[in-house]
Amino acid sequence: MEFDKAVISRRTCRDYSSKTLPMSKIADILDIARFSPSSGNLQNWQFIIVRAQGTKEKIADICKGQSWMSDAQAHIVVCNKSREVEKNYPNRGELYAIQNCAIVSANIVLKAADLGVGSALVGAFDEYELQKLLDIPEAAIPEMVITLGYPESLDEDQPRTDLKYLCYLESWGKKEDKKDFWPVTKHTKNLVKKASQTKNRASTKAKGLIRKAKNKLKK
Ligand SMILES: Cc1cc2nc3c(=O)[nH]c(=O)nc-3n(C[C@H](O)[C@H](O)[C@H](O)COP(=O)(O)O)c2cc1C
């Protein structure tokens with residue numbers, strides 16, 4: 001899939017189908033994500049791949065009872081081994097270590113979208129409870145749980161702030177409202193339109209297939 005489309009069409013998936021997600025897909029996703037940048041190239045992430053139903057249910061409980069998580073085919077728990085980063089960067093190392101894990105997590109969900117796999121980033125959990133459940137040592141902090149699986153349905157698109165409100169020019173607060181100044185805005189709008197058209201076509205197709213299957217069952 002084209003990069004822009006993967007970014008724009010990725011949506012948090014909180015409704016998973018029972019279709020098996022092969023281990024090879026999970027491996028492909030992580031194998032690409034591991035090329036993410038990290039401060040000093042320290043790559044302070046460790047992934048725990050959870051597939052066991054009972055464990056997924058316990059993780060969903062720890063994630064403030066987000067029960068939809070247990071229908072996902074796998075959970076990836078991204079752990080932050082921050083010690084080396086903090087040693088190398090005494091002032092900002094703690095922050096860098098978290099940022100590195102955030103970047104790798106973003107790339108996991110983007111590669112998943114690229115492969116047509118649904119995902120959700122889940123940050124609401126009790127770190128200590130997750131450490132206990134998965135035998136994670138004290139020196140590795142769980143930063144993110146990522147659910148993966150094939151989508152049964154996708155939530156509505158969440159609105160995004162228009163680029164013109166996100167940018168200042170040269171220094172904080174400075175805005176130039178010249179028409180030719182933001183040619184990128186025009187371009188991005190086209191891409192968003194194209195991506196949502198593709199998605200709508202895909203969901204219409206899916207709805208048609210479901211209708212056909214239901215009719216078959218009735219007969
Ligand atoms: C750091 C972080 C933590 C998040 N935690 C949760 C969570 O605990 N539960 C959840 O359902 N979604 C969670 N999300 C997903 C966001 O709600 C979602 O990305 C946002 O609403 C935008 O929607 P979209 O991903 O469909 O574009 C989290 C996202 C991020 C980046």
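Two residues are in contact if their C-beta atoms, placed from the backbone, lie within 7 Å. By this criterion, Ile29, Leu30, Ile32 and Ala33 in helix H2 meet Val104, Asn107, Ile108, Lys111 and Ala112 in helix H5. The model is predicted: local features need pLDDT of at least 70, side-chain atom pairs count only at pLDDT 80 or more, and totals for chains, interfaces and linings use all residues. Residue numbers start from 1 along each chain as its sequence is written.

**Helix packing**

- Helices (H or I, at least four residues) and strands (E, at least two) are DSSP runs, numbered from the N terminus.
- H2 covers residues 23–33 and H5 covers residues 93–114; they pack at an angle of about 135 degrees, with their axes 9 Å apart.
- Axes are lines fitted to C-alpha atoms, for helices over the stretch in contact, and angles run from 0 to 180 degrees between N-to-C directions.
- H2 and H5 are therefore oblique to each other; angles under 35 degrees count as roughly parallel, over 145 as roughly antiparallel, 65 to 115 as roughly perpendicular and the rest as oblique.

**Sheet**

- An open sheet is formed by four strands in the order E1-E2-E4-E3, with antiparallel pairing; two strands pair if DSSP finds at least two bridges between them.
- Strand E1 (45–50) and strand E3 (118–122) stand at the edges, each with a single partner strand, so one side of each has no neighbour in the sheet.
- E1 is joined to strand E2 (residues 74–81) by six bridges, and the two run antiparallel.
- Phe47 stands opposite Val78 in E2.
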